Amino acid sequence: MEDINKKLIEKREEALLGGGQARIDSQHKKGKLTARERITLLLDENSFQEMGMFVEHRSQDFGLDKQKYPGDGVVTGYGTIHGRPIYVFSQDFTVLGGSLSETYAEKICKIMDLAMKSQTPIIGLNDSGGARIQEGVVSLAGYADIFYRNTKASGVIPQLSVIMGPCAGGAVYSPALTDFVFMVEDTSYMFVTGPNVVKTVTHEEVTSEDLGGAKAHAEKSGVNHFTSPNDVTVLKEVRDLMTYLPQNWQSLAPHKKNFKFDSKKLETISSILPENNNMPYDIREVIDQVIDDESFREVHKDFATNIVVGFARIEGRTIGVVANQPISLAGVLDIDSSRKGARFVRFCDAFNIPLLTFEDVPGFLPGTDQEWNGIIAHGAKLLYAFSEATVPRVTVITRKAYGGAFDVMNSKNIGADFNFAWPTAEIAVMGAKGAAEIIFRREIAAAADPVAKLTEKEAEYAEMFANPYRAAERGIIDDVIKPSETRSRVANAFKILENKKEELPMKKHGNIPM
Ligand SMILES: CCC(=O)SCCNC(=O)CCNC(=O)[C@H](O)C(C)(C)COP(=O)(O)OP(=O)(O)OC[C@H]1O[C@@H](n2cnc3c(N)ncnc32)[C@H](O)[C@@H]1OP(=O)(O)O
């Protein structure tokens, strides 16, 4: 028995070394942790249960028969985060550059299948040179097996991807199919084709970092939802985000009973809006004054900054916040902000997270760039996402709610449950000046002093519509509330909506504008 146990211990020790000490040292030199070190930080202490530690690849080609490593470049298993079960895979760059073989894909698929059967979230830690080149098409088929499962799992269990090294070629599509992508500054990158191919095809010279680093994907493409400075921080942030999410589509996010709210905030909330309604303010200040203290976790912080989305808590319960941001492009809706908002709304609705919308929107961004790149279809995405959402939905209009953008931003007529407006709200087809220029065009042109006439007509229109009462008279909003009443009204609304049940019409699936 002793010998048998000794053999097991030796085999385990060999597996724990991955691609060997030299490659582990090289990984550390790059500022990166190993696959197993990452799992240790991600999960609760001693909770990891590994599966497939002795799996080896079956390939004989290009000398691979002489390069076998137990585990074959990916560590898979399950454990807990804050006591809640989670499946995890962690790609091991020390083994053949973390490249994906047939058996490696089988290991990932095995835990994806278990995660689905047990309705438990899955987190992938990515650090890989992509398809194992020596294995050819079986590796590509392995990727397809994973993508297929990612798609099937979408909306059933939360799927998170953490990019902690290279992620290139077709490999990018697994993270892209998951709900949230985290990236580490300087050490991670994602691209469909690398700088060399880019140079050959388009003659552009670009570094890996500029092409597909954390910053590029956080600011330009929107592929990256969260950026962290290093491996340790990113894993802490993943653990934190998990506290806002449910285990699956049929459960609720954990209730944090010991929440805090500093009631002094109720006194300062009214002073956030500037006196001049054309001046900007930071909507995040409003959000912070309504939600539980320090509970806001902004998603996509550096992408499409004219809309703010993120998770928060009200009285300890997770909510999703969607808010126009007046300090960026005056909070206008454009292609990227519509895409960003729509994707977030879809996530929240899929996972039973109530939605709170703060609205201050002057309309859609005009211009050929927007029209030719499809603002119509992209704006429709946000409209569709809100319209189809059956979770509790509350809107607070703080200031402007103009035109089609008013409809899109979780209006009552597209199914919001409670819509409140601050007394500063202006709910109208457009701003007073633009409106006066159109409807009083002839009168203004015929006036002795057209400028004075425009000012007069602008004031007339503003008096009639630059307030929330017209909408309140028609029931298009449910109440006009003081800013200091916002938290209690919103909290009460979510409480009364706790058992909300709304069924969508029977269908195979809708056809969301893509
Ligand atoms: C689904 C379709 C796809 O995935 S298509 C994409 C296929 N993959 C690629 O084209 C990337 C190929 N790899 C690379 O360009 C580099 O290895 C990258 C990822 C940039 C990392 O560079 P660097 O940090 O310098 O490491 P390295 O090149 O020394 O690699 C470490 C060891 O790993 C190996 N490796 C790497 N990638 C693969 C791969 N795809 N298939 C098989 N082996 C791979 C390298 O050969 C190297 O091995 P060794 O340490 O020299 O024995």
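**Exercise 1. Which helix holds both Tyr-461 and Phe-465, and how many residues apart are they?**

Before we dig in: this is a predicted model, where local features need pLDDT of at least 70, side-chain atom pairs count only at pLDDT 80 or more, and totals for chains, interfaces and linings use all residues. Residues are numbered from 1 along each chain as its sequence is written, and side-chain values use heavy atoms, with hydrogens and water left out.

Step 1. Find the helix: Tyr-461 and Phe-465 both sit in H19 (residues 450-465), 4 residues apart, or about one turn of the helix. Helices (H or I, at least four residues) and strands (E, at least two) are DSSP runs, numbered from the N terminus.

Step 2. Check the cover. Tyr-461 is buried at a relative accessible area of 11%, while Phe-465 is partly exposed at 24%. Buried means under 20% relative accessible area, exposed over 50%, and partly exposed in between (1.4 Å probe, protein chains only).

**Exercise 2. Work out how Phe-182 and Phe-226 are paired.**

Step 3. Apply the rules. The centres of Phe-182 and Phe-226 are 4.5 Å apart and the planes sit at 20°, so this pair is stacked.

Step 4. Look at burial: Phe-182 is buried at 1%, and Phe-226 is buried at 10%.

**Exercise 3. Describe the setting of Arg-38: is the residue buried or exposed?**

Step 1. Arg-38 belongs to helix H3 (residues 35-42).

Step 2. With 0% relative accessibility, Arg-38 counts as buried.

Step 3. Now look for a partner: the Arg-38 side chain makes a polar contact with the Asp-127 side chain at 3.0 Å. A polar contact is a pair of N or O atoms within 3.5 Å; within protein, one must be able to donate a hydrogen and the other to accept it, and residues adjacent in sequence count only if both atoms are side-chain atoms.

Definitions and conventions: Rings of Phe, Tyr and Trp (its six-membered ring) pair if their centres lie within 6.5 Å; planes under 30 degrees apart count as stacked, over 60 as edge-to-face and the rest as tilted.
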